[in-house]
Amino acid sequence: GITLEEPEDGKPVLRWVSIVGKAKSYQGEALPRDFSPCGEAIARRQSLLMREPARLYSYLADVDLPIRAVLLVPFPQRGKFMGTVWAIRHHVPRLFDAEQQRMMEGLTTFAAAILDARSRRPGQNV
């Protein structure tokens, strides 16, 4: 999935803007910017692996799918960390490995470049 920060009722939230797989029905949902796995990865500005995140973020227990592990990789838009690319494991015979993390980090570089390009307008200073 991809999560992006946006304002909602005057406060920043992290919206699930793109999801594939079993969690697709949650696309468009928002999480608190200051109390969510995505928000934590953005605040730390580094990749984060969480196991059983609903233990800390109890509202995730309301998701109809088990979230046994999540790998979150934050990315910047025009120099400010504004989103994450993430993957969920619904079963945990194994966690994410270093190669999967490296691939996800590559995807965040790509996502950030697309967002930066979309935010530029002709005649706008970069």
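I looked up the largest nonpolar core and found 20 residues, of which L72 and W86 touch the most other members. A nonpolar core here is a set of buried Ala, Val, Leu, Ile, Met, Phe, Trp, Tyr and Cys residues joined through side-chain atoms within 4.5 Å. Buried means under 20% relative accessible area, exposed over 50%, and partly exposed in between (1.4 Å probe, protein chains only). I noted that β2 (11-18), α1 (37-44), β4 (48-51), β5 (69-77) and β6 (80-89) each supply at least two residues of this core. The element giving the most is α1, with three residues. Helices (H or I, at least four residues) and strands (E, at least two) are DSSP runs, numbered from the N terminus.

Before going on, I wrote down that this is a predicted model, where local features need pLDDT of at least 70, side-chain atom pairs count only at pLDDT 80 or more, and totals for chains, interfaces and linings use all residues. Residues are numbered from 1 along each chain as its sequence is written, and side-chain values use heavy atoms, with hydrogens and water left out.

**Confidence.** I checked pLDDT, the predictor's confidence in each residue, from 0 to 100. The mean for the protein chain is 86, and 93% of its residues reach 70 or more.

I listed the contacts of L72 (heavy atoms within 4.5 Å). Beyond its neighbours within four places in sequence, L72 is in contact with P37, C38, A41, Q46, S47, L48, M50, V85 and W86.

**Helix α1.** I found P37, C38, G39, A41 and I42 to be its buried residues. What covers them includes β1 (2-8), β2, β4, β5 and β6. Just after α1, R45 takes a positive phi of about 60°.

**Strands.** I counted strands as paired if DSSP finds at least two bridges between them. Seven bridges join β1 to β2, which run antiparallel, and I2 has S18 as its bridge partner in β2. Three bridges join β2 to β3 (residues 30-32), again antiparallel; in β3, the partner of L14 is L31. Four bridges join β4 to β5, which run antiparallel, and L49 is partnered by L71 in β5. I then looked at the two faces of β4: L48 and M50 are on the covered face, L49 and R51 on the uncovered one. In a regular strand the side chains alternate between the two faces of the sheet.

**Positive phi.** Most residues other than glycine have a negative phi. I found D9 with a positive phi of about 55° although it is not a glycine. D9 is in the loop between β1 and β2, a hairpin with two residues between the strands. D9 counts as exposed because its relative accessible area is 74%. E52, in the loop between β4 and β5, has a positive phi near 50°. With a relative accessible area of 27%, E52 is partly exposed.

**H90.** Is H90 buried or exposed? H90 counts as buried because its relative accessibility is 15%. Not counting residues up to four places away in sequence, H90 touches K22, L65, P66 and R68. A polar atom of the H90 side chain lies 2.6 Å from the backbone oxygen of P66.

How values were computed: Polar contact = N/O pair within 3.5 Å; in protein donor to acceptor, adjacent residues only side chain to side chain.
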